[in-house]
Amino acid sequence: MVRKYKPFLFLLPSLVFLILFTYFPISYSLFYSFHEYNMYTRKPIFCGLKNYINMLHDSIFWQVVFNNVIYGVFTIFPTMFMALFLAILIDEVSKFKTFYQMGIFYPTIIPMTAAAMVWMFMYDPSLGIINKFLGLLHLPQPGWLGDSKTSLLSLIIMAIWKNLGYYMLLYLAGLQLIPRELYEAADIEGANWFRKHYHVTFPLVSPTTLFVFIVSIIQSFKVFTQVYLMTQGGPGYSSSVLVFYIYENAFRYWDIGMASALTSVMILVLLFLVLLVFGVFGKRVTYSLI
Amino acid sequence: MKKRGNIIKHIVLFVFTIATLVPLYLIVIMAFKPGDVIFHGNYLLPPLKPFLGNFKIVFESAPFFTYLLNTIIVVFGILIFQLVLVIPAAYAFARMNFKGSNILFMLYVIQIMLPLEALIVPNYMIIRKLGLIDTRISMILPFIASGYGTFLLRQVFKQIPKELEDAAIIDGCGHLKFLWYVLIPLARPTIVAFSLVSIVTHWQDYLWPLIVTNSPSVRTLTIGLGMFVQQESGADWGVLMAATLFISAPVLILFFTLQKTFIKSFMTSGLKG
Amino acid sequence: MRKFFILLSLLLVVLVIGKVINLKFFYPVGVAGPLARVIDKMVEEFNKTHPNIKVEPVYCGNYDQTMQKVQTAVLSGNPPDVAVIEISELYTLINMDAIIPLDEYIEKEGGEEFLKQYYEAFLGNSYAKGKIWAIPFQRSTIVFYWNKDLFRKHAKELEAVGLDPNRAPRTWYELVKYAQILTEREGDEVLVHGLILPGGWNDWIFEAFVYQNGSYLISRDAKKANYNSLEALEVLQLWHELTNVYKVNPPLRPWNTTPVDFAAGKAAMMYYSTGGLPLILKTANFEVGVSFLPMHVQYGTPVGGGNFFIFKNIPKEHQDAAWEFIKWMTSPYWAAYWSIQSGYVCVNKKGYEEEIMKEHLKKYPQYLVARDQLKFAYPKIMAPEFQRIRKIMVTNLDAVMLGQKTPKEAVETMQREIQAILDRYK
């Protein structure tokens, strides 16, 4: 008798917490998204789709979504390509490998809060090293975090710095699986460095690319700490992202109904995106993940 | 011809590495320089005489050692609970056949795609209902059912050959003994990898501790640093960098001592085939 | 028998000691500077002298963060016992049913007589719905800081247009002229700004200018928004010109780094809270001048800072203990001590007679300016959902400073959105 239930005994502890802190919250969010529940109402009042309608009419919401998209696109692609590029280089050189790996990967280890501190200093328009450097080259010195045109860009640059090393290591691992014979064959055919890697390496690291892509998408939705510490979403809403906007609605304005609606939308979008990417590109990949 | 190409590669790598190292360099040297020196723009060169006054101010201003202790308790608490919960679950999925195994597993996989950041509001309400606001345990619980860990370990457990399992059954080993004496030692590199990833990830937790804690007695390093900024912001970058160095030092030290293990861990943290 | 007596006395001791009332005290630090340490020290002193009360100070960040913490705590059913909160949040706190009126406590202390020890300008933000809800603690006004050395450096140019290099500008007109002369450029780059109008709390500074122009932003009863008045528009127009036309003001220097810039000599004049004074005096290596804010139609500054509030839904003895705490922290000596350490105005009139204060003022007469400006001070705007209103204001003011919105668009937007919020509470 016990035999039958043994698997569930093994599963039970983790399942309990999984449901309690992931699935129950999802339904909770959904439930409250259909209610008006804020400082004004004090108790949740059913209101149907009102929160969603308000959200769709809220220009700030669209700005925030737009920011998330821009942030995602401009962190994912540059990081991915640079990571692959650097991984290939490290793979091909024979000396100083560890130095390069450590030096490029350490940002992943440093707590985001610490990174935010030092980058706030570097971005300081008058004292910071970036503008001082630009000044030496007689280039324009933007306001970075204090200018709505560059606030999001500032966060993007920092994100690339922070994640590059991790994706690079993933690609390095993926590169090890490519049979050397393929490179030798390409060399014999007279392919130069770029063509060699474009035709051999790039397709064959596609499982890693898929993984990096999915992880990056999820990462780009998680952004909070740096926004909270460096810009508070500002100036205006130029650097506000979804999680930050949810935080503001919930904990600054105490509008739980709206925050729940935003949360529900975010979950849906996340799941949709990941499944989409997986569905479209997963087939192209020569492994089955499950 | 080949040699020239090689040198170019080294140059490119070198430039990238040095550029990436700049922030770390700044943190370290500015931590040991007095604020007014930095103020007047002299922060690029390492200090001839390291100035320890910044650290003194850091520890006098806020209980950073308490924060350190709390962070350690929370991070290792999370790790231990994760291992305790995830190893049996991974085992069940990897080596036991039961109905609904695939569907249940999907639940774990989906969790990977839903970071806690997406669920702060309802999770906050739940913790509040449980009366756990402002406790260390509140910073631990939501993270312990790790879909990622379950996935990773299931992968590794699946790779153990059936013959070993058969041998164990013949020897009269039950599930638990098999797990403990055979699988876990064989899966050690992956468990180590997962542990390092978990430590690095949760050392950085910010949003969740921010909303569930208030008191300095349970506050963690990242929150402490964040609040510290408000006070000293702009006034004294030397002090701020000293605090920054302090909160990063433990993980950085771990990183430098276990270099190869770290690099290997993160390399294999991808979910390959 | 002996055992019984020992047990009994132990029990009594436990009962007596056990009678210690633990108070959770949430507080912000609103200006740059290591003030949490000062609060810790003051609280420690209080705890020592009041053995049956133990106050636990919980530093919550800046004003916004502290309000967020308070909101979350109250609405989760876990309120603190006593807190210092930014004064504009009074209506929000009342609507949340978070705080208790203090009329009874004040009556017991002597009613009006008791209140007389505090400056009226600071009490203005304590009244709502016919009751009194708060006691002033860390109160400030905006003051005008000027770098006397830089003024002297440009003495010739100033005198050439009839301005006195030995005093600060007195009117908006003079402000513009001084700023233009004091701005030092090298080609396109500005080396020294004539003036800094900081971001972060530019809503507060905006209020000051609007008052100087003879108008108001939100009516005292928090029912009417008045952002699209001609006077408000003129203010924003002036700000736009200073920043984007004359370019004497950098757009959006963060609140916390503005005093640093000023102290570094990167700006000749600055609008900032009097709470920035200790930091500036400590780090500046020039002679620091402090004056009233330049006038237009009249002199004026809103008051600012945080008040003490006692919370509802805590045991009565906690509330009583909290009242003791508040009285002590705002008593002449300690109010003076806090003022000296923080740069905030001493809320207790008698504080200025304390020895430590007199010593201090001899060295740094600049500290008196904020107090003297009180006669031109008026209560800061208060409204429900102030966090949201403040965000609307800051967003629109920032947009004008960055040249993204015209002053007209900004005031229209603010009027529309803020009136909509106020209407919800009619």
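Select Ser219(C) and Asp221(C): their side chains are joined by a polar contact of 2.5 Å. A polar contact is a pair of N or O atoms within 3.5 Å; within protein, one must be able to donate a hydrogen and the other to accept it, and residues adjacent in sequence count only if both atoms are side-chain atoms. The model is predicted, so local features need pLDDT of at least 70 and side-chain atom pairs count only at pLDDT 80 or more, whereas totals for chains, interfaces and linings use all residues. Residues are numbered from 1 along each chain as its sequence is written, chains are lettered from A and ligands numbered from 1 in the order in which they are written, and side-chain values use heavy atoms, with hydrogens and water left out.

Remain at Ser219(C), which is in the loop between helix 11 (202–212) and helix 12 (230–245) of chain C. Helices (H or I, at least four residues) and strands (E, at least two) are DSSP runs, numbered from the N terminus. Is Ser219(C) buried or exposed? Ser219(C) counts as buried because its relative accessible area is 16%, where buried means under 20%, exposed over 50%, and partly exposed in between (1.4 Å probe, protein chains only).

Next, select Leu252(C), in the loop between helix 12 and helix 13 (258–263) of chain C. Its phi is near 60 degrees, a positive value in a residue other than glycine. Most residues other than glycine have a negative phi. Leu252(C) is buried, because its relative accessible area is 10%.

Proceed to Asn313(C), placed in the loop between strand 11 (301–310) and helix 15 (316–329) of chain C. For Asn313(C), too, phi is positive and near 60 degrees. Its relative accessibility is 67%, so Asn313(C) counts as exposed.

Of the 426 residues of chain C, 63% are buried. Colour the charged side chains: chain C has 48 positive and 47 negative ones, and the centres of the two sets lie 3 Å apart. Lys and Arg count as positive and Asp and Glu as negative, while His and the chain ends are not counted; each charge is placed at NZ of Lys, CZ of Arg, CG of Asp or CD of Glu.

Turn to chain B, which has 15 helices and 0 strands. Its C-alpha trace spans about 75 × 70 × 30 Å along the principal axes. Buried residues make up 62% of the 273 residues in chain B. Chain B carries 21 positive and 11 negative side chains, and the centres of these two sets lie 10 Å apart.

Finally, select Ser238(A), in the loop between helix 11 (225–231) and helix 12 (242–252) of chain A. Ser238(A) counts as buried because its relative accessibility is 11%. Which side chain does that of Ser238(A) meet in a polar contact of 2.8 Å? The partner is the side chain of Ser151(A). A polar atom of the Ser238(A) side chain also lies 2.8 Å from the backbone oxygen of Pro235(A). Leaving aside neighbours within four places in sequence, Ser238(A) is in contact (heavy atoms within 4.5 Å) with residues including Gln63(A), Asn67(A) and Ser148(A).
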